[in-house]
Number of protein chains: 2
Amino acid sequence: MASCISYLNERQSQYLEELLEFLRIPSISSLPEHGDDVKTAAQWVSDRLKCAGIEHVSIMPTGGHPVVYGDWLHAAGKPTVMIYGHFDTQPVDPVELWSNPPFEPVVKKNRVYARGASDDKGNMLAAILAVEALLQTQKALPVNVKFLFEGQEEIGSPQLSEFIPAHRDLLACDLILSADGGQWSEDQPALHIGLRGLCALQIDVQGARHDVHSGVYGGTFLNPIHALVTIIASMRNPEGRILIKGFFDAVRPLTAIEREQIAAVPFDDAEYKKNLGVADLFGEPGYSTYERAWSRPTLDVNGIWGGFQQNGIKTVIPSKAHAKISCRLVPDQEPEKIYELVCAHIKDHAPSGINVEVNKIPGHADPYLIPHDHPGNRAALAVHKELFGKDPYFIRMGGSIPVCGILLKALNAYTVNFAFGLMDENVHAPDEFFRIDSFERGQKAYCMLLNRLKDLKI
Amino acid sequence: MASCISYLNERQSQYLEELLEFLRIPSISSLPEHGDDVKTAAQWVSDRLKCAGIEHVSIMPTGGHPVVYGDWLHAAGKPTVMIYGHFDTQPVDPVELWSNPPFEPVVKKNRVYARGASDDKGNMLAAILAVEALLQTQKALPVNVKFLFEGQEEIGSPQLSEFIPAHRDLLACDLILSADGGQWSEDQPALHIGLRGLCALQIDVQGARHDVHSGVYGGTFLNPIHALVTIIASMRNPEGRILIKGFFDAVRPLTAIEREQIAAVPFDDAEYKKNLGVADLFGEPGYSTYERAWSRPTLDVNGIWGGFQQNGIKTVIPSKAHAKISCRLVPDQEPEKIYELVCAHIKDHAPSGINVEVNKIPGHADPYLIPHDHPGNRAALAVHKELFGKDPYFIRMGGSIPVCGILLKALNAYTVNFAFGLMDENVHAPDEFFRIDSFERGQKAYCMLLNRLKDLKI
């Protein structure tokens, strides 16, 4: 490993220049006018992989933004590891809050400022550079390696749920390493072991054909807003427990070890409340805040509307009322099943004589959980211990990233989150940055982890 | 009376021309650009009163649109009757649905089409013409008469709640006749004896400082939409009974006679539902539809909003959620008291740890009910019986017109609704019209009623 590390050390200024070049491509996946920029980024990644010695590099169409694939498969008898990352970025609004133009990277105090620096160009490039260093110094990789870089992560990877199963053989592997994510702090490593899933729906309630005068008609038929709030209020008890029948049936209870791991993560109640600007926290009794955010399902109204919203009063009984609801899901809840349970609840609780429609909103995602003691996690843990000098926290994300669940279902392979962003790096916000130390640490860590994975037994 | 009636008969074509002239003034009170037109209408009314022989005619400032006052007070020892009406009109939108320009009156099949024809220029002019005919043919009026015509009825008479008490002596009277309203049908008279009152408020719930990610934070603190729907749902039981403590305390129960009077008004359940486009009617058990619409208080959400309202899903926990609520009130509920009771309920039912604000929305109105056997009503009933050949229905309006309550409080005088619009005349809608027969009937009816009122004993 020593030669590999010194190879990397010698090339840091060149690699930083390459990162800046990559960051100059405004590959915003959500904006159609940046579609060509996403393609340019795919080409840049493809070129860089080839330059690193990766074979079968190809820009593959998905129906949406392309995927970049590449591999090096000459480690006979050794495991196959697939490295995942994404070359698209979030939009830049509000652009006026940036200190520098978001796609003109600036290096300041050992940090690179640009959109996509931490999420995810710096992280994914580090993994490519690690593989290059191993190939250059050892003329071979310790394991078979595949790369899967996508250009649509920031819009929820809509095409990957078809693309990945359709390329099951090409992508087959024993383990996936995700270069999209991060650590707890500069001196505290973390292993991300879980993500919540998602399902979403819209309720539309229709009362009278048109808005009508609340004086003339008030009291004679059901106001659709009243029907809607009655339905929604019936979904939770005053303590915040979700009352949808069967909602918790598939929820895998937290084990004693998992609860210990979550309790070991420092939590500052006052700081958390201050950040949100709320007087109190609230939620399902019997669970800590992190347990609720990471390992318990939710049901949240994301939007509600109906009737008059301007100043003053308009005394109407509105014709229609609407709400958007989404549920964060945990293993082993299935989005489709939960959607059906919520629909059944709405049907059971809808007042009679009023028209209540429910429609699924696209974007369902499976929950994801890798066993904390999975061999891949054990290898990552050893690398973190070596690099940071301490054990990682076992943490989860309350949000939903569909790709881990898709990869697990399609390839029967778990994803180890192995990336080096930090929480203060303004991901999705103005003045996003990536620490140059993290960029270097990522390169070395990937070398060390790939080396350890040669003994992986799944 | 015979000479008075023949005087009117001889002048109908001239009076119709005058009505058309009055209708050409686009006196829309809600649109600032028509402020001068409202003044022009006030001047027209003032001139017409003088021409009719009314004294002390004056256009009086109110701080908003003016009032026109006038009187004839030479019936010594006789009651004083004040005739009320309004010379402002509703707006004309959607103007493209009108068959003719709304302020270019057209006479067709014995109807006058124009904005304000039925509401209220035709009706108020009829009362002036009646007084003119009495003065011209009898050289005196059977009672003392005052006129109070306003220019802000269509915007809720905001200045009258100050103007009327401030002119208590000038406006003092034994009875008010409102020339704003109507009859049941061409051959069925009606006495409007009640109006519901109104109070309105807005609830603003504030959760986190900004919208936050429902994945990262979902389950850890209270979503303000959940708090809002919980509060609103707590206000009514599933049968539609309002659960605000004390809400019904001041409600005067319907008497057996009142229930009989309401039951005597024909009601077609199928037609009512068809007009609304609803499958079922709904409301407080134990009351008929008209009883609920006319004599029972309501609590309606007129608008609700918070979070994401566009296509698809945005997985936020919104920072804020809002609702506008109004209550229709019945005697002897007081808007201020009901507002306080609703506030107290919200306070009692607001979940802890979240900021819930309540603010009054201007536009409160007292409920109004004139005893069905009030001497003024008995006189009107006798006129209706003479004109229509049958007893009137005793009906109420579910809506709120502040002026009756203001007049009762300030002058201690009841208002008898005595006007001749009909329900199909597209009031507040395109192609408003007034029947020329009703215009003539109104003139004669006012002559007959004023004559009867000389014996009024309050």
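1. In this predicted model, the interface brings 67 residues of chain B into contact with 67 residues of chain A. On the side of chain B that touches chain A, the elements that give two or more residues include helix H7 (214-217), helix H8 (224-233) and helix H11 (289-295), together with strands such as S13 (320-329) and S14 (355-365) of chain B. The element that gives the most to this side is S11(B), with eight residues.

2. As to composition, the residues on the side of chain B that touches chain A divide into 28 nonpolar, 28 polar and 11 charged.

3. Turning to chain A by itself, I count on 15 helices and 18 strands as its secondary structure. Among its contacts with a separation of 6 or more, 80% are accounted for by residues 24 or more positions apart, and 53% of its 458 residues count as buried.

4. On overall dimensions, the radius of gyration of chain A is 24 Å, which agrees with the value near 23 Å that a compact globule of 458 residues would have. The C-alpha atoms of chain A fill a box of roughly 85 × 50 × 45 Å along the principal axes.

Note on methods. Residues are numbered from 1 along each chain as its sequence is written. Chains are lettered from A and ligands numbered from 1 in the order in which they are written. This is a predicted model: local features need pLDDT of at least 70, side-chain atom pairs count only at pLDDT 80 or more; totals for chains, interfaces and linings use all residues. Helices (H or I, at least four residues) and strands (E, at least two) are DSSP runs, numbered from the N terminus. The radius of gyration is taken over C-alpha atoms; the globule rule is 2.2 Å times the number of residues to the power 0.38. A residue is buried if 20 or more other C-beta atoms lie within 10 Å of its own, exposed if 12 or fewer, and partly exposed in between; C-beta atoms are placed from the backbone. Two residues are in contact if their C-beta atoms, placed from the backbone, lie within 7 Å. Ala, Val, Leu, Ile, Met, Phe, Trp, Tyr, Cys and Pro count as nonpolar, Asp, Glu, Lys and Arg as charged, and the others, Gly among them, as polar.
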